[in-house]
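Subject: Handover of the model, with notes on what was found

Dear colleague,

Please read the notes with the coordinates open beside you.

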Amino acid sequence: MSLGNNLFNARKKSGLSQEEVAGRLGVSRQTISKWELDETLPDICQSKRLANLYGLSLDELIEFDIDVKEIQEVIDRTSDEVTEKIDWTKAWSKKYPILATYQNEVEIQGYAAQLKRMLQDLEKKYGYNELDAFLVLKDILAYVWKCRKKQE
């Protein structure tokens with residue numbers, strides 16, 4: 001996504017018009033329009049002011065992704081009680097159907113025993129509690145996945 005698109009999406013997410021942003025920054029509405037259309041770029045000082053106005057860091061503004069930002073906000077607002085009620089396998093199986101069917105094909109107990117040993121190793125070796133060890137193992141699996149995808 002371009003910087004202009006990021007600026008447009010961040011402004012819309014903030015509920016501000018081009019006129020409002022222009023007024024707060026002391027520039028014309030046309031300047032805001034040109035930035036959002038990638039015709040020109042804001043200087044670093046204006047970029048920092050835009051980030052502050054939109055409640056983002058400069059890095060977040062440059063890499064602004066409305067979907068990722070919205071997902072993060074939902075995660076932040078979700079309580080532990082609600083999270084525990086969610087059937088994550090069912091929820092994710094809509095996107096990844098294998099999650100609804102693998103239980104009938106895979107020897108779950110064998111893999112579960114190996115994973116349990118890995119969790120216990122993380123707990124013992126690094127002093128992690130059960131949840132932290134699980135999250136670290138999940139993150140290691142994600143790392144392995146990314147490495148495999150890069151090799152393709």
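Which residues line the largest cavity? The lining is made up of Leu3, Leu7, Pro42, Ser47, Leu50, Leu61 and Ile62. Before going further, please note that this is a predicted model, in which local features need pLDDT of at least 70 and side-chain atom pairs count only at pLDDT 80 or more, while totals for chains, interfaces and linings use all residues. Residues are numbered from 1 along each chain as its sequence is written, and side-chain values use heavy atoms, with hydrogens and water left out.

Cavity and pockets

Both terms rest on a 1 Å grid over the protein atoms alone: a cavity is a set of points where a 1.4 Å probe fits but cannot get out, a pocket is an open set with protein on both sides within 12 Å along at least five of seven lines, and lining residues have an atom within 4 Å of a point. Grid points are joined across faces, edges and corners, and a volume is the space filled by probe spheres set on the points.

The structure holds one cavity of 30 Å³ or more, and the volume of the largest cavity is about 30 Å³. Two or more of its lining residues come from each of H1, H4 and helix H5 (58–62), where helices are DSSP runs (H or I, at least four residues) numbered from the N terminus. By class, this lining has six nonpolar residues, one polar and no charged; here Ala, Val, Leu, Ile, Met, Phe, Trp, Tyr, Cys and Pro count as nonpolar, Asp, Glu, Lys and Arg as charged, and the others, Gly among them, as polar.

At least two lining residues are supplied by each of helix H8 (88–93), helix H10 (108–126) and helix H11 (130–151), with H11 giving the most, namely ten residues. The lining of the largest pocket divides into 18 nonpolar, one polar and two charged residues.

The second largest pocket has a volume of about 500 Å³, and among the residues that line it are Ile71, Asp80, Glu84, Trp88 and Trp92. Helix H6 (66–77), helix H7 (80–85) and H8 each give two or more residues to that lining, which holds six nonpolar, two polar and two charged residues.

In H4, the buried residues (under 20% relative accessible area, against over 50% for exposed and in between for partly exposed, with a 1.4 Å probe and protein chains only) include Gln46, Ser47, Leu50 and Ala51. Seen down the axis of H4, its buried residues fall within an arc of 140°, so they line one face of the helix; the arc is that of the directions from the helix axis to the C-beta atoms. The face turned away from this buried side carries the exposed residues Cys45 and Asn52. The buried residues of H4 pack against H1, H2, H3 and H5, contact being taken as heavy atoms within 4.5 Å.

In H2, Gln18, Val21, Ala22 and Leu25 are buried. Their arc, seen down the axis of H2, is 100°, so they line one face of the helix, whereas Gly23 and Arg24 on the other side are exposed. Glycine 26, which follows H2, has a positive phi near 75°.

Salt bridges

With a salt bridge defined as a side-chain nitrogen of Lys or Arg within 4 Å of a carboxyl oxygen of Asp or Glu, the count comes to five. One of them joins arginine 11 to glutamate 36, with the closest N and O atoms 2.5 Å apart. This pair links distant parts of the chain, since arginine 11 is in helix H1 (residues 3–14) and glutamate 36 in helix H3 (residues 29–36), 25 residues apart. Arginine 11 and glutamate 36 are both buried.

Glutamate 19 forms a salt bridge with arginine 29, the closest N and O atoms being 3.9 Å apart. Glutamate 19 lies in helix H2 (residues 18–25) and arginine 29 in helix H3, so the pair ties together parts that are ten residues apart in sequence.

With best regards
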